[in-house]
Amino acid sequence: MFNAPLHPFSSSAVQHPLAVYGWDEGWEAEFAPYAAQGLVPGRVVRVDRGQCDVATPDGVVRADTAFVVPHDPMKVVCTGDWVAVDPEGSDPRYARTILPRRTAFVRSTSSKRSEGQVLATNIDHIVICVSLAVELDLGRIERFLALAMSSSSGEALLRTSADSWESGAQPTVVLSKADLVPDPVGLSHLVEDVETVAPGVQVLPLSSTTGEGLDVLAATIAGGTTVLLGVSGAGKSTLANALVGEDVMDVRAARDVDGKGRHTTTTRNLFVLPGGGVLIDTPGLRGVGLWDAEAGVGQVFSEIEELAGDCRFHDCAHESEPGCAVAAAIEDGSLPVRRLESYRKLIRENRRIVAKTDARVRSEILREWKRMGREGQKAMELKRGGGRGR
Ligand SMILES: Nc1nc2c(ncn2[C@@H]2O[C@H](COP(=O)(O)OP(=O)(O)OP(=O)(O)O)[C@@H](O)[C@H]2O)c(=O)[nH]1
Ligand SMILES: [Mg+2]
Ligand SMILES: [Zn+2]
């Protein structure tokens, strides 16, 4: 591919050997101090139990990630990270540091803990894979989208403020296995259903079997880094193989009909796409806990937030306030009740998660609880007081 042997840090017009992995001037500048130490840049293409495979100018090497802070999941090396590799040593080598992440896709790990889990980093596109072989779960699509739209910059992730951040990556919803819905009218209805829960988001029916939609998706994600997300069995790895043009991933055997819930893919793997850009295939996500996704929820439910701007009171809770534009939209049928409930649920859930991670928000919520508690108590006292005389 390269006509001349290249010095890895050369900034000449000749393409850098890591350019196909997304290496650019920004990374080069970021890496300069490490280059001065004699370290080599590389992109993590796979992580497996404390070791990772790193694409370097000399090819893919195995590296130990001993530098990580194991109890801080946000600092654990992740597929998509750019790292500085020690050229000394053989197998494994040592990855010394992670370059600051431009974006990261994070979910909360469990409802008990306040930890976020970084699923992929330095991503530009998020492809949410939804199988048409099973009934559509619109609530789950909204949840995936809220998380996708709040994927944030690496530095922001380490901040502990409640400021909402700009969305880092552009989502696309792929309706996979479209060959299983041969009726075009039925298919377009399904697409419309998903479009209503994904304002402003491209919704693309696709079949890895027939190739339908594949070229459109390939064009959408050409250039940049794309991560494939979705539940197990959605067809992510099959799609990865189709996009890469090679069987790079194992897929679930078609006869494995009882494979429900079993994960075929267990690691996150990064591949170079023939049309430019890279693709990260991920294991199926059972649950996607929101992680500081307020901005994302706002975007997914933008029509509700827009309506809220027309409510008479700026702090309208859309319960039974007079002049509530949201209630009016429910009334006239233009806003489905399911949608409002889904919005409320995700906002509540996100607040709980944020409260666990952020002291300021926590104290705000506490104040609110206390206020409500005091009011509740007053109400109770009034009631009791009123009852006492009888
Ligand atoms: N009919 C049809 N079947 C498909 C298509 N894409 C994938 N499948 C089938 O769906 C099943 C699951 O596909 P995988 O690609 O392994 O799914 P996955 O999302 O990677 O699953 P995990 O790795 O467990 O997360 C396999 O049996 C595939 O053959 C498609 O376009 N059409
Ligand atoms: Mg898979
Ligand atoms: Zn309202």
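Author: Start with pairing. Two strands pair if DSSP finds at least two bridges between them. This is a predicted model.

Reader: What makes strand 3 and strand 5 a pair?

Author: The count of bridges. At least two are needed, and strand 3 and strand 5 (residues 93-98) have 2 bridges, in the parallel sense. So they pair, by the rule of at least two bridges. In this pairing A63 stands opposite R93 in strand 5.

Reader: What makes strand 2 and strand 3 a pair?

Author: Strand 2 (residues 51-56) and strand 3 (residues 59-64) share 6 bridges. The rule asks for at least two, so the term applies. Their sense is antiparallel. T56 has G59 of strand 3 as its bridge partner. A hairpin of 2 residues joins the two strands.

Reader: Why is T282 called buried?

Author: Its relative accessibility is 3%. Buried means under 20%, so T282 qualifies. T282 sits in the loop between strand 13 (278-281) and helix 7 (294-300). Leaving aside neighbours within four places in sequence, its contacts include V227, L229, K236 and T265.

Reader: How do you know that T282 makes a polar contact with L228?

Author: A polar atom of the T282 side chain lies 2.7 Å from the backbone oxygen of L228. The cut-off is 3.5 Å, so this distance is within it.

Reader: Why is helix 6 described as largely enclosed?

Author: Because 7 of the 9 residues of helix 6 (residues 236-244) are buried. The buried ones are K236, S237, L239, A240, N241, L243 and V244. Their cover includes helix 5 (214-221), strand 11 (225-229) and strand 13. Just after helix 6, G245 has a positive phi of about 85 degrees.

Reader: How do you know that T265 is in polar contact with ligand 1?

Author: A polar side-chain atom of T265 lies 2.7 Å from an oxygen atom of ligand 1. That is within 3.5 Å, so it counts. Backbone atoms also take part. A backbone N or O atom of S208 lies 2.9 Å from a ligand 1 oxygen. For G233, a backbone N or O atom lies 2.9 Å from an oxygen of ligand 1. The protein buries 89% of the 660 Å² that ligand 1 exposes when taken alone.

Reader: Which residues are closest to ligand 1, and what classes make up its shell?

Author: The closest are D179, S232, K236, T238 and T265, among 23 residues that surround ligand 1. By class, the shell has 6 nonpolar, 12 polar and 5 charged residues.

Conventions
Residues numbered from 1 in each chain as written. Chains lettered and ligands numbered in written order. Predicted model: local features only at pLDDT ≥ 70, side-chain atom pairs only at ≥ 80, totals over all residues. Heavy atoms only, no water. Helix = DSSP H or I, 4+ residues; strand = E, 2+ residues; numbered from the N terminus. Buried < 20%, exposed > 50% of the residue type's maximum accessible area, 1.4 Å probe, protein only. Polar contact = N/O pair within 3.5 Å; in protein donor to acceptor, adjacent residues only side chain to side chain. Contact = heavy atoms within 4.5 Å. Near = heavy atom within 4 Å. Areas by Shrake-Rupley, 256 points an atom, 1.4 Å probe, with all protein chains shown as cover. Nonpolar A, V, L, I, M, F, W, Y, C, P; charged D, E, K, R; others polar.
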